[in-house]
Amino acid sequence: MSNTVTDLTQLAGAIRLETLKALTGLGFGHYGGCMSVVETLAVLYGEVMRIDPGDPDWPERDYFVLSKGHAGPALYSVLALKGYFPLEQLQTLNQNGTRLPSHPDRLLTRGVDATTGSLGQGVSIAAGMALSHQLAKRSNRVFCILGDGELNEGQCWEAFQFIAHHNLHNLTLFIDYNKQQLDGALDEVIKPFDLAGKFRAFGFEVQTVRGDDIAAIRDAVLPERSGEQRPLVVILDSLKGQGVAYLENLKNSHHLRLTPDVRSEIEKAIAELEAAYV
């Protein structure tokens, strides 16, 4: 399947719109970190990954792990838009009896490959998946998105060393470098220093792209990698709340509860996206 940047941009707009609608219907949620991974999800599910929404357990599919599980609503939106389950189901987000909990659960949600939410653990799951495919000489690829605040977890760096040691070239990591985490700005909590340099020292190939640059994200990950290449990490130079001006300008949009004023601003953004993408 080959999509134009225009097609993928349209998909990204739809993901952003549906995610905002689901979170706003709920009245609270992780707005900022959902928005900053939208373009990456559009590229992966819109073109790069081999998937079959009619058969989510297709043995030859590519696997996706959302290590920063609090961005689950964005993942649910792309899954619904690709046909894994009805779009209307998004309005049950995090409600009693839902199949769409706050963080992804592979036993509940059709199309979810890994249960995540405990930060630092998703990348270890992804590494195990990639190693199993490598040992079995399967061609399945694995993709994993981590948050930049998540890198405070030591388990991540143990997993990175494991990935590089085993040359898991079938695994691609994305670091959502949106520069904010739950407790504030990254530089105020724990400085990341030179992320690209650290990953190179761990044995990775590193590419840094803008988090909203669909063409650059696609170009970074579309070619399948060979055993002669090192594992790839793509650092997404993104914005918390990306694609929604009001959220981008908030001091911290990691998790919002909608006061009347905040709801009014989000509803304006929803209306603008509906005008552009519906």
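Which residues does L75 touch, not counting residues up to four places away in sequence?

## L75 and the nonpolar cores

In this predicted model, L75 touches L41, Y45, F64, L66, P104 and V112, with residues up to four places away in sequence not counted. L75 also belongs to the largest nonpolar core, which has 56 residues. The members that touch the most other members of this core are L20, L41, Y45, F64, L75, F174 and V221. Helix α1 supplies the largest share of the core, nine residues.

In general, nonpolar side chains of soluble globular proteins tend to be buried together.

## Helix α4

L75 is one of the buried residues of α4, the helix that spans residues 72-81. Nine of the ten residues in α4 are buried: G72, P73, A74, L75, Y76, S77, V78, L79 and A80. Their cover includes α1, α2 (31-35), α3 and β2 (63-66). After α4 comes G83, which has a positive phi near 100 degrees.

## Packing of α1 against α3

Helix α1 covers residues 5-26 and helix α3 residues 38-48. Their axes come within 9 Å and cross at roughly 125 degrees, so the two helices are oblique to each other. The crossing of α1 past α3 is right-handed.

On the α1 side, the contact is made by L8, L11, A12, I15 and R16. The α3 side contributes V38, E39, L41, A42, V43, G46 and E47. By class, eight residues of this contact are nonpolar, one is polar and three are charged.

Notes: Residues numbered from 1 in each chain as written. Predicted model: local features only at pLDDT ≥ 70, side-chain atom pairs only at ≥ 80, totals over all residues. Heavy atoms only, no water. Axes fitted to C-alpha atoms, helices over the stretch in contact; angles between N-to-C directions. Helix = DSSP H or I, 4+ residues; strand = E, 2+ residues; numbered from the N terminus. Parallel < 35°, antiparallel > 145°, perpendicular 65-115°, else oblique. Left-handed = near helix turned anticlockwise from the far one by under 90°. Contact = heavy atoms within 4.5 Å. Nonpolar A, V, L, I, M, F, W, Y, C, P; charged D, E, K, R; others polar. Buried < 20%, exposed > 50% of the residue type's maximum accessible area, 1.4 Å probe, protein only. Core = buried A, V, L, I, M, F, W, Y, C linked by side-chain atoms within 4.5 Å.
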